[in-house]
Amino acid sequence: MRDEEKTVPSHPSSLIPHPSSLIPHPWQHSPFMRACRREPVPFTPVWLMRQAGRYMKEYRALRERMPFLQLCKSPDLVSEVTVTAAERIGADAAILFADILLIVEPMGLTLEYSKGEGPVIGPPVRCGADVDRLRELDPAALDYVYQAVRQTRADLKPETPLIGFAGAPFTVASYMIEGGASRGFEWTKGMMYRDPGVWHELMRRISRGLIGYLDGQIEAGAGAVQLFDSWVGCLSPEDYREFVLPHSRAVIEGIRPGTPVIHFGTGTATLLEDIREAGGDIIGLDWRVELDRGWAAVGHDRGVQGNLDPVALLADVPTLRERAARILARAAGRPGHIFNLGHGILPQTPVENVVALIDAVHELSERAA
Ligand code: CP3
């Protein structure tokens with residue numbers, strides 16, 4: 001039963017549940033959740049990818065005290081980082097502080113975040129025997145993430161929705177195969193082209209794990225989930241359809257129904273119709289596609305999220321406002337637009353500009369009552 005449909009039953013008083021369980025979560029009525037459902041909103045909701053991160057001095061201070069991974073595994077601190085960031089910038093949703101690569105550890109690989117180099121995963125998965133050695137993801141192994149969701153949900157304002165997330169199968173597979181970041185994805189595409197059976201087996205294993213992991217976050221209190229397919233734009237549409245689409249679709253169709261899914265990628269201008277086929281209530285757009293054209297490709301029966309270039313946040317405030325206004329004009333007040341960047345906030349971004357952007361989106365999109 002949807003929360004909104006719950007009403008007080010006419011039972012004898014001893015059977016009446018505690019009133020708190022009958023109140024639909026206040027965050028369900030937030031502009032962000034309404035936009036996820038393509039309902040009318042009083043203003044365009046906005047949050048920013050990587051809104052909790054190094055551009056914020058509160059975050060840098062905490063990171064001086066402990067490594068990134070240890071922070072991810074400390075529910076109290078995750079909640080503090082998540083809530084502080086969302087409140088400091090006035091975002092309409094909080095995104096859990098975590099990482100798309102946390103699932104590789106319980107699948108039997110090592111994970112390190114080295115200064116300057118980004119994530120390092122070992123040993124890289126390069127052949128069928130490597131895939132067979134991977135452990136089936138036990139969702140319980142990521143209990144620290146669900147605890148963090150519960151803690152954050154409890155600490156957030158009741159009307160602020162919390163977004164859970166995971167990497168999409170392709171982007172997670174690419175990190176496992178390359179052993180870290182990559183420019184050309186040669187090992188990843190090499191496996192696809194040379195050994196499609198091994199590729200699909202790896203993608204199936206990751207996808208099964210992701211379903212349990214996302215369900216764990218939803219059960220713990222995530223109101224929406226975002227699937228990050230950050231690097232999928234390196235593929236041709238044909239390769240996307242053959243090697244990726246069925247797996248992303250299996251994840252989106254496999255998770256608990258009733259929770260909006262945001263399906264995000266970058267460099268996807270030529271893939272939008274296929275990403276739509278893979279699924280998602282809201283499709284992410286980056287700045288390389290104009291928002292109205294991207295939305296037309298996605299179809300107006302879905303919502304879109306985006307799509308300011310993160311570099312625009314380095315400009316002066318009047319330029320930033322003007323660029324935000326152009327995006328809002330392209331969205332044309334249609335229900336189902338969530339304002340965001342086309343990719344994450346850059347570490348050198350001034351926090352005042354982030355606040356100015358969020359204020360501008362709210363102000364410029366305010367609908368007449
Ligand atoms: O968006 C948020 O504020 C929530 C937290 C979040 C992080 N990573 C925290 C993080 C989210 C949603 C992610 C997702 C993520 N992680 C993606 C998809 C989004 C994207 O940007 O494409 C990817 C590809 C990763 C993998 C990853 N994790 C990389 C490539 C890096 C290093 C890059 C860098 O900026 O150093 C990380 C580390 C990471 N994840 C940091 C943060 C705040 C930086 C860690 C630090 O040094 O403090």
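In the predicted model, helix 4 (residues 75–89) consists of 15 residues and spans 22 Å from its first C-alpha to its last, close to the 21 Å expected at 1.5 Å a residue. The buried residues of helix 4 are Pro 75, Leu 77, Val 78, Ser 79, Val 81, Thr 82, Val 83, Ala 85, Ala 86 and Ile 89. These buried residues pack against helix 2 (57–65), helix 3 (68–72) and helix 6 (143–155), against strand 1 (94–95) and strand 4 (162–167), and against helix 14 (351–365). Just after helix 4, Gly 90 adopts a positive phi of about 75°.

In soluble globular proteins, nonpolar side chains tend to be buried together. The largest nonpolar core of the model comprises 123 residues, and Phe 32, Met 176, Leu 202 and Leu 357 have the most contacts inside it. Helix 9 (residues 196–220) gives the most to this core, contributing 10 residues. With neighbours within four places in sequence set aside, Leu 357 is in contact with Leu 48, Leu 308, Leu 313, Leu 320, Ala 324, Phe 339 and Leu 341.

The side chains of Asp 286 and Arg 288 are joined by a polar contact of 2.2 Å. Beyond its neighbours within four places in sequence, Asp 286 is in contact with Thr 266, Gly 267, Asn 307 and Gly 342.

Key: Residues numbered from 1 in each chain as written. Predicted model: local features only at pLDDT ≥ 70, side-chain atom pairs only at ≥ 80, totals over all residues. Heavy atoms only, no water. Core = buried A, V, L, I, M, F, W, Y, C linked by side-chain atoms within 4.5 Å. Buried < 20%, exposed > 50% of the residue type's maximum accessible area, 1.4 Å probe, protein only. Helix = DSSP H or I, 4+ residues; strand = E, 2+ residues; numbered from the N terminus. Contact = heavy atoms within 4.5 Å. Polar contact = N/O pair within 3.5 Å; in protein donor to acceptor, adjacent residues only side chain to side chain. Expected span 1.5 Å × (residues − 1).
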